[in-house]
Amino acid sequence: MATRTPARRSASSAGRSTARAQLALAAVTPISSPHLNFNKAFALNPLQAQKITMGMLTANRPGIDKLKDAGQLVNAISVSGDRARRRTLIAGFRQARSELALVHQMALLPEEQAEAFIKDYLDDGGDLASVFQWLGMAGAALNAPRSRAARAAALRHWGQPGRRGARAAPKAGSSARATSRGFFGDVVGAVGGAISSVGGAIGGAINSVVNAVTKAGKSLADAISSTLNWTVAQLRDLVTALVRAGKRVGDILAAALTKGVAQLQKFVEAVLGAGRSVFEVLSWGVGQVASAANAVVAKLVALGKAVADLVLNVVALGRSAMVAVLRGLMAVGKRLFDLLTAVANQGFGVIRAVVDALLAAGQLVRSVLADAVRLATTACRHVVNALLQLGRTVKDLVSEALAAAGTVLRLLLQTLAALGRSVAEVLAAAAALAAASVRLVVQTLIALGHTVAALVQTVATQAIAVAKAVFTALLALGHKVVTFLVALAGRTLSALRTALEALLAMGLSLASLVKDICTGVVEAFRRGFFEGLIALGKAPLQLLKAAAEAGVSVVLLAFTVLLEVLGGYKPLSEIPGAMDQARKVFGTSIQLDRVKIGFAALPGDVMRLLNIEMPRAFTTMYLLNFGPGAKVDMQTIIHELAHVWQGVQEGPLYMTRALEAQIGAGLDTLFHEGTYDDSASYLVTDQMLIDAAGDFKKFNPEQQATIIEAFWVVRFAGEAVAPGPYPTTALVGGFSPPLELVLPYAQVVNPALGAGRQASGRRKAVAAKKAPARKKATPRPTPRSGRRGGRTAA
């Protein structure tokens, strides 16, 4: 027990005479002078003095009179400073079982005298119960300081017969008279009345008693056993007195704990009843062993303290304090959800502290998540954010959410999005988990509104392992590779390369991948994928061989893309006069702004694979290909543009049919003449035009191109402006039909050409009259002449 400082002692001493004056009870006249009688008896025999003291206290007189006489006797003996007399007097009070009155009188002595008197009292076996009873009664007066009547009312529970257990049991050798007629019958009331009359001055007396007990070597724990049968109201009064004397709440509770958990819990209630705060109680309780901490929390809950109140009281005390409180709450049956709900409306700082403590207390992240998603949106977001700030990664949370099952994963992903965590981060985290987990994450993201295209585009910017894991999950969910490719069309080369490498790493064959690129991706975006494959080390010949495994149409399309990748192409619009002449023939049936012309220097292995003779011209969709350094004329450009038109009408199938015609003609001459010559595939005669009666489909693609080329020659060649290094030339010694025969076929390509038919016919008739007789039609020169006539290739 703490001692008082000199300053406090001085202040206390200054008010001592006032306190004694208030307790004088001047209206009562003593029967005799007790101190004189005591001194006379003591001079003869100390035992006689002891008997006189006992007789005075047990006499059948009003308790208030006896209390006054006791006060005069104690004061006189104390002033004498004679220890022998003090000890004799103490023995008399104890024999009369009037220790409470003695404590009261000792408390009113000057502090130095009180210390000496109380030390002798305790050294001689004096009962601490009486000291604590008096302190409790003094505390009751402090708890009701408004008026004397209020203080008297507050003291009533100390005078009830049922509370006599607070005094010590009769000791062996006590006289029957002392027991039956002792002072105890009315001393409580007398002392209570005396205390209530003092008012605020009682505080000094309390300090004297507590300090004297401490200096006598006694502790709070020594005296707690005397309070085991006290009511909470009495303990509350005691706590009030002890706190008034400078004792800390923690000291009081620690002393109570020495007598067991039940006593501790009674003191917790008493401390709060004495006006002390929950914070003071918890500040001590959270630092104790688990059983004590749990007992404190349990009592607070039983007293109606809200979970939020308890939590808020220990936030500032740190993690260990929060852990102790939460464990105590769970020990009394509070569920994890109850704890989270209790702080759901608090700020993020409080929720973070609670989450941190829950994890430290052994709660699993999955359990926290499972209950967090049942909270309101804001509270759930705070819990998840707390977990992230406490070092749990997105991967950890996703993994734990999967383990929690139910809707936890869905709600977690929604919360992560609300916290600004990207889908890329979520997918990267999921990719580190098992395949089944990745599949569930991807499936949940799609259910939340994320498209397959968006997911594919996202992982294409991540590591290959992430793309591979997500692609695998999407395939397992029934999505197709071609869907991935379509989603990636137009993306950066690095993204395409990542996606392609991931697909190949999954075991997808190059042939299957090339097929999906050629048939599933629109033409404008195929080049990027092939550039990505080449960047991965796939050679053009390897790509063509892979395409060949998927069929002729695929290899033709693949070859078209490779030509664009490997060749140096420029728009047709950069060829002087070419766009103007092309529009005259094709009108709007071809998107001429997409047509490119170039001079491909293809690798020899590619040329050999496709049996291409260079610098022979060939067309692949919108690309017009010529050999390196070739000089081409406009009619050859028109011929190749006819193949472009064919591609617009029927896709790459036209290339297949053109190759079939060329190869068929070549093999026929090889079989009959011993030399491969495919020029027959270009052959068109006037009679053939007449026989077909305008049905363009009766001619193979090379014949169709020859017809369109001839139309341009007979209709527009004379009007053409020489396109710089690409001079316009007329047919020489070749097929040159009259306009009327080729116009119906040209109109298939461009119906608008019919408008100029009559004018053209008249011009042709005039020219025919002037011209010599026409020779029999002959086949056009073979492409090997290098003049014109293209080989169609894929």
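Contact here means heavy atoms within 4.5 Å. Helices (H or I, at least four residues) and strands (E, at least two) are DSSP runs, numbered from the N terminus.

The model is predicted; local features need pLDDT of at least 70, side-chain atom pairs count only at pLDDT 80 or more, and totals for chains, interfaces and linings use all residues. Residues are numbered from 1 along each chain as its sequence is written, and side-chain values use heavy atoms, with hydrogens and water left out.

I sorted the contact of helix 3 with helix 5 by class and noted five nonpolar, three polar and one charged residues. In this scheme Ala, Val, Leu, Ile, Met, Phe, Trp, Tyr, Cys and Pro count as nonpolar, Asp, Glu, Lys and Arg as charged, and the others, Gly among them, as polar. The axes of helix 3 (residues 34–44) and helix 5 (residues 63–80) come within 8 Å and cross at roughly 55 degrees. Axes are lines fitted to C-alpha atoms, for helices over the stretch in contact, and angles run from 0 to 180 degrees between N-to-C directions. The two helices are therefore oblique to each other; angles under 35 degrees count as roughly parallel, over 145 as roughly antiparallel, 65 to 115 as roughly perpendicular and the rest as oblique.

I then looked up helix 33 (residues 481–488) and helix 34 (residues 493–505), whose axes come within 11 Å and cross at roughly 170 degrees. Helix 33 is therefore roughly antiparallel to helix 34. Val481, Phe484, Leu485 and Leu488 of helix 33 make the contact with Leu496, Ala499, Leu500 and Leu503 of helix 34. By class I noted eight nonpolar, no polar and no charged residues there.

I checked helix 7 (residues 99–107): nine of its nine residues are buried, so it is largely enclosed by the rest of the structure. Buried means under 20% relative accessible area, exposed over 50%, partly exposed in between (1.4 Å probe, protein chains only). Buried residues make up 50% of the 794 in the protein.
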